[in-house]
Amino acid sequence: MSKINFAGIVDHSTIDYPEKLSAVVYLCGCPYRCPWCQNAELVFNEGNCKPIGIDRIIDQLNENFLIQAVCVTGGEPLMQKETIELLRGIKSETDLLLKIDTNGYFPERLKEVLPLLDFFTTDVKAPLSERYGEVVGLPDRWEKIVDRVERTLNILKKWNHQKEARTTIVPDMIDKKEEIIEIAKLVDDVGFTLYTLQQFRAERTLDPEYEKIQSPSPELMRELGRAAKEHLPKTKVQIVTQQNGFEEIRCKEGEI
Ligand code: SF4
């Protein structure tokens with residue numbers, strides 16, 4: 001089997017696959033440069049990143065008797081073409097439910113791996129405009145990025161399984177109600193079953209200036225969650241904060 005650039009496995013997680021105990025496989029590389037990213041070492045192929053045989057990752061998963069699922073994440077897991085071989089191997093050589101977390105930049109690879117997946121999470125980081133380029137730290141490439149994210153969303157429209165969209169709320173970058181509503185309308189259009197707003201944390205950020213920024217408050221997170229929920233009657237909406245973990249946002253105010 002081929003080698004893949006890999007940073008490590010977390011053996012047991014209760015938050016990376018809905019209602020299942022999962023392992024999390026971290027792969028290296030990412031085409032974006034989100035200034036608020038907390039995985040700079042993975043993005044730049046540094047730190048623990050090293051090439052490893054795909055069979056060794058699968059063996060490690062098979063030795064883990066407690067898990068029911070595996071989440072393959074990054075960086076951006078679809079950045080490496082070898083990820084397709086890894087996902088095929090996990091599907092054929094383990095009994096685990098399989099999920100990936102992606103940023104939507106690789107629609108063609110996504111099309112290839114979708115039949116292997118049981119659950120899927122994609123970032124929708126901003127409205128589909130020049131704002132997307134600003135939020136991912138590549139303002140000059142926004143048109144190409146938006147085109148690829150749009151293609152990803154169009155592929156996902158036809159995929160009738162559990163699928164999650166996720167937006168990170170970053171102060172003064174992406175934290176305005178109007179923009180979250182715009183994203184929520186996209187989430188509704190694609191038919192995502194789950195929409196998660198996650199709280200930015202000012203730790204080890206790609207741009208050190210973001211370490212000086214305060215995380216958005218749980219109150220602001222709830223307010224944005226409610227604004228999204230108003231446009232997502234059929235989708236479960238949740239926020240995740242350091243203070244309170246996951247909280248579902250329900251239709252009427254006060255029912256959280
Ligand atoms: S936050 Fe942005 S730069 Fe960091 S891994 Fe995710 S998509 Fe890549």
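Which residues are around the ligand? In this predicted model, the set is Cys-30, Tyr-32, Cys-34, Cys-37, Val-43, Gly-75, Asn-103 and Lys-125. Sort this shell by class and five residues are nonpolar. Two are polar, and one is charged. Gly counts as polar in this scheme.

Now turn to Arg-151. Arg-151 sits in helix H6, which covers residues 142–157.

What does Arg-151 touch, leaving aside residues up to four places away in sequence? The partners are Pro-107 and Glu-108. Along the chain, Gln-80 and Arg-151 are 71 residues apart. Their C-alpha atoms are separated by 19 Å.

Helix H6 also meets another helix. This is H7, residues 177–190. The two axes come within 8 Å and cross at roughly 40 degrees. H6 is therefore oblique to H7. On the H6 side, the contact is made by Leu-153, Leu-156 and Lys-157. H7 brings Leu-186, Asp-189 and Val-190. By class, four residues of this contact are nonpolar and two are charged. No polar residue takes part.

Definitions and conventions. Residues numbered from 1 in each chain as written. Predicted model: local features only at pLDDT ≥ 70, side-chain atom pairs only at ≥ 80, totals over all residues. Heavy atoms only, no water. Near = heavy atom within 4 Å. Helix = DSSP H or I, 4+ residues; strand = E, 2+ residues; numbered from the N terminus. Contact = heavy atoms within 4.5 Å. Axes fitted to C-alpha atoms, helices over the stretch in contact; angles between N-to-C directions. Parallel < 35°, antiparallel > 145°, perpendicular 65-115°, else oblique.
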